[in-house]
Structures are given as structure tokens and as C-alpha cells.
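Visitor: Could you take me through this entry? I would like to begin with the overall arrangement and then turn to the details.

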2 protein chains.
Amino acid sequence: MTSQDEAPQAPADEHADLWLTSAELASWMSVVRLITRLPWAIDAQLQRDAGLSMVEYMTLAMLSESPERTLRMSVLAEHTSTSLSRLSHLVKRLESRGYVRREPDPSDGRFTNAILLPAGMSKLEAVAPGHVAHVRHLVVDNLSGERLRRLGQDAERILRRIDSPAR
Amino acid sequence: MTSQDEAPQAPADEHADLWLTSAELASWMSVVRLITRLPWAIDAQLQRDAGLSMVEYMTLAMLSESPERTLRMSVLAEHTSTSLSRLSHLVKRLESRGYVRREPDPSDGRFTNAILLPAGMSKLEAVAPGHVAHVRHLVVDNLSGERLRRLGQDAERILRRIDSPAR
């Protein structure tokens with residue numbers, strides 16, 4: 001009951017105007033399948049070829065691009081859309097594999113920094129080409145440049161609504 | 001190291017041509033944020049207002065639209081992109097709340113059917129308007145009809161690659 005197939009079948013109550021049309025429903029269900037299956041597909045390649053989840057890969061990648069390969073845990077959590085407690089577990093696993101270490105932020109000991117270690121950088125360099133090739137295959141080379149650009153813009157429009165405090 | 005900011009910074013090795021341009025990377029990172037945050041946002045509204053996850057809602061909705069409100073567990077698993085073992089746990093929880101029941105498929109006892117019960121239908125009818133309004137707010141009413149249609153088409157293009165056995 002995500003919607004009705006045809007407008008005339010919509011329930012005759014005060015909610016009838018809320019119902020999705022069949023075209024809207026079809027597009028929305030495609031989006032639902034995308035947000036369900038694409039994370040799984042990205043994860044599957046990284047797990048198979050590198051033993052990393054998508055969030056673990058993103059964590060290593062973000063650290064690699066940061067000054068001194070260091071980021072506050074709270075900033076990493078925000079950038080990876082992960083709760084701080086989930087990120088702590090994840091970084092602990094990366095630490096046990098020798099890819100990162102944590103230490104109190106020297107400028108403010110209330111914060112913890114994560115730092116990418118050389119073994120983590122090497123891992124990332126080994127993994128990145130396969131990951132990028134997979135992203136190209138599924139998404140980037142699969143859409144025209146113009147469509148990819150619009151897809152990114154649509155994503156940003158939706159993200160702004162998600163982040164809006166109005167709701 | 002999802003990519004380099006500028007093409008000249010790409011590593012001078014055989015993988016250089018694989019690297020994403022900065023425009024491609026920006027669009028891809030928007031897609032990554034979308035597939036990370038949109039499921040969370042849909043889940044959050046359903047959990048808060050109905051105590052249901054997105055997959056639980058989809059399960060009830062798919063059963064409600066099926067003949068005799070019945071579907072094989074294996075079909076439900078496929079349509080919700082869930083593993084059969086994860087779906088079994090999920091349906092067990094819905095069963096304990098009186099929303100569905102399971103029984104061996106009368107036409108072939110090797111299969112199990114899930115059947116939507118009246119309490120599950122009532123729950124869905126109570127929950128659907130709020131869910132649909134949220135989907136309208138975040139996505140459907142947030143994009144023009146044409147953009148929504150294209151977004152659905154882009155999603156289907158990506159899903160076809162994910163499902164393609166060529167890789």
C-alpha cells in the first residue's frame with residue numbers, strides 16, 4: 001500500500017490527495033531499489049577484494065585526503081553519516097589491522113583524532129583502483145556526464161530536505 | 001583517495017585513466033550521501049511514528065497488494081533485496097506483533113508463505129499516509145515530474161548493471 005495503481009482507486013478519505021500516482025510510485029520504487037542495492041553492490045566488491053566495508057573504505061579515503069592524514073572522530077562520523085558509537089567500533093577494527101591509530105586531540109583533549117598509518121595508506125592505494133573501476137562500471141561510465149551531474153544535483157536537493165530542521 | 005582533485009595529480013601509473021575527474025567525484029559523493037542518508041531518513045520516520053523499519057513497511061505493503069495478501073518468502077526476499085535468513089527474522093518479528101503469519105505453501109510444501117493478517121492491514125492503513133507524506137516531502141514533491149522520472153530511469157540503469165552477470 002505504498003500507493004494505488006490508478007487515481008480512481010485511491011481511498012475516498014482526507015488522505016486521497018496524498019497518494020502517489022502510478023508514475024510517481026514507479027519512480028519512487030526504482031529509487032528505493034537503488035538505495036537498497038547500490039550500497040550492497042559497492043560493499044560486496046570491497047569486501048570480496050579488500051575485506052573492507054564501504055564505510056571503512058570511505059574512512060581511510062577521507063583520512064588520506066586530510067592534512068597530516070588526521071581527522072577528529074566527530075568530523076569523520078559526520079562525513080560518513082555514521083553514529084559516533086558505530087564509528088568507534090569501526091575505527092577499532094581498522095586499528096586492530098594496523099591501518100589507523102587514535103589519540104587525544106593535542107589541541108583539545110576532549111576530542112579524539114583518528115590518524116591514517118602507512119599500512120592503511122598502502123591498503124587504500126592497493127584497493128582504490130578496483131573500487132574506482134567498479135564505481136565507473138556501475139554509475140559513472142553508465143550515465144552520460146550530463147545525467148551524472150543531474151543525478152548528483154537531485155541527490156543534493158533530497159539531502160537538503162533530509163537535513164532541514166523544518167520537519 | 002576516492003580520486004584526485006585534478007587530473008594532473010592522478011598517479012602516474014597504469015591506473016591513471018581510471019581515476020575520477022573532480023566533477024565525477026563530486027557527483028558520485030552526492031550519490032554516496034544519498035544512498036547512505038535517504039534509507040536512514042525513511043527508516044527514522046517509520047520507526048518514530050509506527051515502530052517499523054523501511055523493510056518491514058515494504059513487506060507489509062507488498063503483501064497487501066498480493067492476491068489473497070499472500071507471498072512466498074523467497075519472492076518477498078527478492079522484492080525487498082533482503083537475504084532469506086534476514087527476512088525470516090524480520091517476518092518472525094512481524095508475526096509476534098500479530099501482523100502476519102507463515103504457513104507451508106499448500107501447492108508445494110518446500111516453500112513457506114507469508115500472509116498479511118487483518119491487524120497488519122490496519123497497521124499499514126494507519127501508517128501509510130504519514131509515510132507517503134514523508135516520501136512526497138523528501139523526494140516526489142521536491143523534484144519536478146520530469147526530474148523524478150529521469151531519476152527513476154537512472155536508478156534502473158544502475159540496477160541493470162548491478163544485476164548483470166557479466167561482472
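Guide: The conversation below covers confidence, symmetry, sheets and helices in turn.

Visitor: What kind of model is it?

Guide: It is a predicted model.

Visitor: What ipTM and pTM does the predictor give the complex?

Guide: The complex receives an ipTM of 0.84 and a pTM of 0.83 from the predictor.

Visitor: And what is the mean pLDDT of chain A?

Guide: For chain A the mean pLDDT is 89, with 87% of its residues at 70 or more. Residues 1-16 of chain A have a pLDDT below 50, and this stretch makes 33 contacts in the model beyond near neighbours in sequence.

Visitor: Now the symmetry. What rotation superposes chain B on chain A?

Guide: Chain B is superposed on chain A by a rotation of 180° with 0.0 Å of shift along the axis, and the RMSD is 0.0 Å. This is the relation of a two-fold axis.

Visitor: Which residue of chain B comes closest to the rotation axis?

Guide: That residue is B:Ile35, whose C-alpha comes to 2.3 Å from the axis.

Visitor: Through what surface do the copies meet?

Guide: The copies meet through the same surface, because 100% of the interface residues of chain B are interface residues in chain A as well.

Visitor: Let us change topic. In what order do the strands of the chain A sheet lie?

Guide: The three strands of chain A form an open sheet in the order 1-3-2, with antiparallel pairing. At its edges stand strand 1 (70-72) and strand 2 (100-104) of chain A; each has a single partner strand, so one side of each lacks a neighbour in the sheet. On average, neighbouring strands of this sheet are turned by 25° against each other, direction ignored.

Visitor: How many bridges join strand 1 to strand 3 there?

Guide: Three bridges join strand 1 of chain A to strand 3 (residues 112-116) of chain A, and the two run antiparallel. Within strand 3 of chain A, A:Ala114 is the bridge partner of A:Leu71.

Visitor: And what of the sheet in chain B?

Guide: In chain B, three strands form an open sheet, again in the order 1-3-2 and with antiparallel pairing. Strand 2 of chain B pairs with strand 3 (residues 112-116) of chain B over five bridges, in the antiparallel sense. B:Arg102 stands opposite B:Ala114 of strand 3 of chain B.

Visitor: Which strands does helix 2 of chain B lie across?

Guide: Helix 2 (residues 54-64) of chain B lies across strand 1, strand 2 and strand 3 of chain B, and runs at about 90° to strand 3 of chain B.

Visitor: Finally, at what angle do helix 1 and helix 5 of chain B cross?

Guide: The axes of helix 1 (residues 22-50) and helix 5 (residues 118-140) of chain B cross at roughly 145° and come within 10 Å. Helix 1 of chain B passes helix 5 of chain B in a right-handed crossing.

Visitor: Which residues meet there?

Guide: Among them are B:Leu38, B:Ile42 and B:Leu46 in helix 1 of chain B, and B:Val127, B:His131 and B:Leu138 in helix 5 of chain B. By class, the contact between helix 1 and helix 5 of chain B has nine nonpolar, four polar and one charged residues.

Notes. Residues are numbered from 1 along each chain as its sequence is written. Chains are lettered from A and ligands numbered from 1 in the order in which they are written. This is a predicted model: local features need pLDDT of at least 70, side-chain atom pairs count only at pLDDT 80 or more; totals for chains, interfaces and linings use all residues. Side-chain values use heavy atoms; hydrogens and water are left out. Copies are superposed by least squares on the C-alpha atoms of residues with pLDDT of at least 70 in both. Contact means heavy atoms within 4.5 Å. pLDDT is the predictor's confidence in each residue, from 0 to 100. Axes are lines fitted to C-alpha atoms, for helices over the stretch in contact, and angles run from 0 to 180 degrees between N-to-C directions. Helices (H or I, at least four residues) and strands (E, at least two) are DSSP runs, numbered from the N terminus. A crossing is left-handed if the near helix is turned anticlockwise from the far one by less than a right angle, and right-handed if clockwise. Ala, Val, Leu, Ile, Met, Phe, Trp, Tyr, Cys and Pro count as nonpolar, Asp, Glu, Lys and Arg as charged, and the others, Gly among them, as polar. Two strands pair if DSSP finds at least two bridges between them.
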